[in-house]
Amino acid sequence: MSRTRVASLAVAAAAVPLLLAGCGIQETDPIEAGGPATVEAFYNREDEMLLFFRTPEGGLNPVIRTVGFSTGFGGDDVEPGSDTTPGPPPTEKTVLALLAGPRQEDRAAGLTTALPPARPGTTVTVETAPGGTVTTNLPFPLNGLNATALRQLTCTIAYSRAADGEVVVKLRGQDGASSSDTCGLAP
């Protein structure tokens, strides 16, 4: 390489920092912006249900499903004249919707389930004890379900029974095993 070419490269290398520094942007320290963004969603307990599905990170994410009078815009809305009653959707119906798994749009958002799929004709029964504990009899064995599956069920049932989700939920499987817990999440 010739001396003039080396000198030209050295001048160019020295000029780059001067050009960048001369653009008028002042250097600043990092600024803390807080935690990750959250979205607050409101649901109408009279004609919507809250289902909890697994996120790619292993946490739970609430999904709102509309039930009740059909709007004619698709989905699983109930047709006019069906057996709808005023008030929140029954917990049995909500659990069956959870067991049906995430919809296509939920899966596209990365949501999955840790629960076994419901077989056709599956039934779920729910009982409320005088102290407020909600016992749900499930159509599959409880042993073998992981912690995420149990939390999906517990949170879905808790929010189907109370707007704040503060309900003790007891799960009972076909195998006789049981689990009792509270949700502890704020969707």
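A residue is called buried when its relative accessible area is under 20%, exposed when it is over 50%, and partly exposed in between, using a 1.4 Å probe and protein chains only. By that rule A163, with a relative accessible area of 55%, is exposed. Welcome to this predicted model, in which local features need pLDDT of at least 70 and side-chain atom pairs count only at pLDDT 80 or more, while totals for chains, interfaces and linings use all residues. Residues are numbered from 1 along each chain as its sequence is written, and side-chain values use heavy atoms, with hydrogens and water left out.

**The overall picture**

- The protein has 4 helices and 6 strands; these are DSSP runs numbered from the N terminus, with helices being H or I of at least four residues and strands being E of at least two.
- Along the sequence, the elements follow the order α-β-β-α-α-β-β-α-β-β.
- Of the 187 residues in the protein, 33% are buried.
- Contact means heavy atoms within 4.5 Å. Among the contacts with a separation of 6 or more, 58% join residues 24 or more positions apart.
- The accessible surface comes to about 12,100 Å², and carbon and sulfur atoms hold 56% of that surface. Such areas come from the Shrake-Rupley method with a 1.4 Å probe, and for residues only the protein chains shown count as cover.

**The nonpolar core**

- A nonpolar core is a set of buried Ala, Val, Leu, Ile, Met, Phe, Trp, Tyr and Cys residues joined through side-chain atoms within 4.5 Å.
- The largest one here has 35 residues, and the members with the most contacts inside it are V95, L115, L138, F140, L153 and L171.
- Two or more residues each come from β1 (48–54), β2 (60–66), α2, α4 and β5 (169–172).
- Helix α4 gives the largest share of this core, 6 residues.

**Helices α2 and α4**

- Two packed helices are described by the angle between their axes and the distance between the axes.
- Here, the axes of α2 (residues 91–99) and α4 (residues 147–161) come within 10 Å and cross at roughly 145°. The axes are lines fitted to C-alpha atoms, for helices over the stretch in contact, and angles run from 0 to 180 degrees between N-to-C directions.
- On the α2 side, T91, T94, V95 and L98 make the contact, and on the α4 side Q152, L153, T156, I157, S160 and R161 do.
- These contact residues divide into 4 nonpolar, 5 polar and 1 charged. In this count Ala, Val, Leu, Ile, Met, Phe, Trp, Tyr, Cys and Pro are nonpolar, Asp, Glu, Lys and Arg are charged, and the others, Gly among them, are polar.
- Within α2, the residues T91, T94, V95, A97, L98 and L99 are buried, and their cover includes β1, β2, β3 and α4.
- After α2 comes G101, which has a positive phi near 90°.

**Residues in strands**

- T136 lies in strand β4 (residues 134–137) and counts as buried because its relative accessibility is 0%.
- Setting aside neighbours within four places in sequence, T136 is in contact with V124, T125, V126, I157, K170, L171 and R172.
- N61 belongs to strand β2 and is partly exposed, with a relative accessible area of 30%.
- Apart from residues up to four places away in sequence, N61 touches L51, F52, F53, T55 and L111.
- N61 and L51 are 10 residues apart in sequence, with 8.2 Å between their C-alpha atoms.

**Residues in loops**

- V67 sits in the loop between β2 and α2 and counts as buried at 9% relative accessibility.
- Beyond its neighbours within four places in sequence, V67 is in contact with D47, E48, M49, P89 and K93; the C-alpha atoms of V67 and K93 are separated by 9.9 Å.
- P117 is in the loop between α3 (104–108) and β3 (125–128) and counts as exposed, at 68% relative accessibility.
- A163 is in the loop between α4 and β5. Not counting residues up to four places away in sequence, A163 touches Y43 and R45.
- A163 and Y43 are 120 residues apart along the chain, and their C-alpha atoms are separated by 9.5 Å.
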